Amino acid sequence: MERLAICSKLFYDRDVIEKHKKILELEKQIDNLKNELKEPRSFFHSRDQWDFFKQVMYDDIKETIERCIFNDHEYDHMEWIGLTPIQEIQIGGCIEKHLVRLTEQKIWPDRIAHDVIMYSLKAMFESLHSTNQWMYIYHTMSRSELADMIYKHITWLLDDETHSPNILEKIPIFECKQCQEETDFINEKDICVVCEYENGI
Ligand SMILES: [Zn+2]
């Protein structure tokens with residue numbers, strides 16, 4: 001009887017330990033998902049560093065769009081379908097790659113690149129199709145102008161510094177050179193709004 005009790009206790013303990021391990025594993029997965037769903041933040045030492053990051057990203061997006069439009073096969077298909085599936089994958093993939101580099105996350109960049117930006121671009125082409133404007137645009141605009149139209153659409157959504165809100169404006173965190181506090185916004189001298197107001201810098 002005593003042996004049976006020891007044996008049952010052993011199995012019971014093992015079961016509790018396994019369940020406890022499983023709970024810890026699930027809690028970790030929930031924390032990871034919570035982090036992925038939060039709007040990400042990323043630290044930059046200066047405004048120049050942030051501007052440089054954006055410039056590298058935008059240059060790559062521009063080159064990718066031009067490569068897609070100057071590809072004869074894709075350009076020919078554009079006449080009938082607007083944005084082609086290959087163009088969608090390549091441009092969306094390029095945006096996602098830079099957003100992953102910026103945030104070190106996967107879910108947010110994937111959602112922004114494909115469900116927000118590329119979906120918006122597709123909506124623009126669909127509206128041009130449904131109002132019978134696309135044929136006119138395709139035959140009157142040059143390839144460079146078409147590429148520029150797509151580039152402007154994407155960078156307007158991301159942040160072209162002409163309007164707020166936009167997708168990227170809440171991502172960078174800076175350290176004010178004057179008070180060393182972390183802040184969402186610094187001026188061209190890397191000073192926060194409070195120090196700018198108080199010291200007139
Ligand atoms: Zn400050």
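Author: Let us begin with contacts: two residues are in contact if their C-beta atoms, placed from the backbone, lie within 7 Å. Residues 24 or more positions apart account for 52% of the contacts in this chain with a separation of 6 or more. Please note that this is a predicted model, in which local features need pLDDT of at least 70 and side-chain atom pairs count only at pLDDT 80 or more, while totals for chains, interfaces and linings use all residues. Residues are numbered from 1 along each chain as its sequence is written.

Reader: How many helices and strands does the secondary structure of the chain come to?

Author: Helices (H or I, at least four residues) and strands (E, at least two) are DSSP runs, numbered from the N terminus. Here there are 8 helices and 3 strands, and along the sequence they follow the pattern α-β-α-α-α-α-α-α-β-β-α. The chain is more spread out than a compact globule, because its radius of gyration is 25 Å, well over the 17 Å that the globule rule gives for 201 residues. That radius is taken over C-alpha atoms, and the globule rule is 2.2 Å times the number of residues to the power 0.38. The C-alpha trace spans about 90 × 55 × 25 Å along its principal axes.

Reader: Which domains does the assignment give?

Author: Domain bounds come from an automatic or database domain assignment. For this chain, the assignment gives domain 1 (48-168) and domain 2 (171-201). Their C-alpha centres lie 32 Å apart.

Reader: Which residues of α7 are buried, and which are exposed?

Author: A residue is buried if 20 or more other C-beta atoms lie within 10 Å of its own, exposed if 12 or fewer, and partly exposed in between, with C-beta atoms placed from the backbone. In α7, the residues A147, I150, Y151, I154, T155 and L158 are buried. These buried residues fall within an arc of 125° seen down the axis of α7, so they line one face of the helix; the arc is that of the directions from the helix axis to the C-beta atoms. E145 and K152, on the other side of α7, are exposed. The buried residues of α7 pack against α2 (47-69), α4 (85-103) and α5 (107-130). Over the whole chain, 18% of the 201 residues count as buried.

Reader: In what order do the strands form the sheet?

Author: Two strands pair if DSSP finds at least two bridges between them. The 3 strands form an open sheet in the order β1-β2-β3, with mixed pairing. β1 (42-44) and β3 (182-183) are the edge strands, each pairing on one side only. β1 and β2 (residues 172-175) run parallel and are joined by 3 bridges, whereas β2 and β3 run antiparallel and are joined by 2 bridges. β2 and β3 form a hairpin with 6 residues between them, and Q180 in the turn has a positive phi of about 65°. The covered face of β2 holds P172 and F174, and the uncovered one I173 and E175.

Reader: Where is S42 found, and what is it in contact with?

Author: S42 is found in strand β1 and stands opposite P172 in β2. Leaving aside neighbours within four places in sequence, S42 is in contact with L102, T103, I171, P172 and I173. S42 is partly exposed, with 15 other C-beta atoms within 10 Å.
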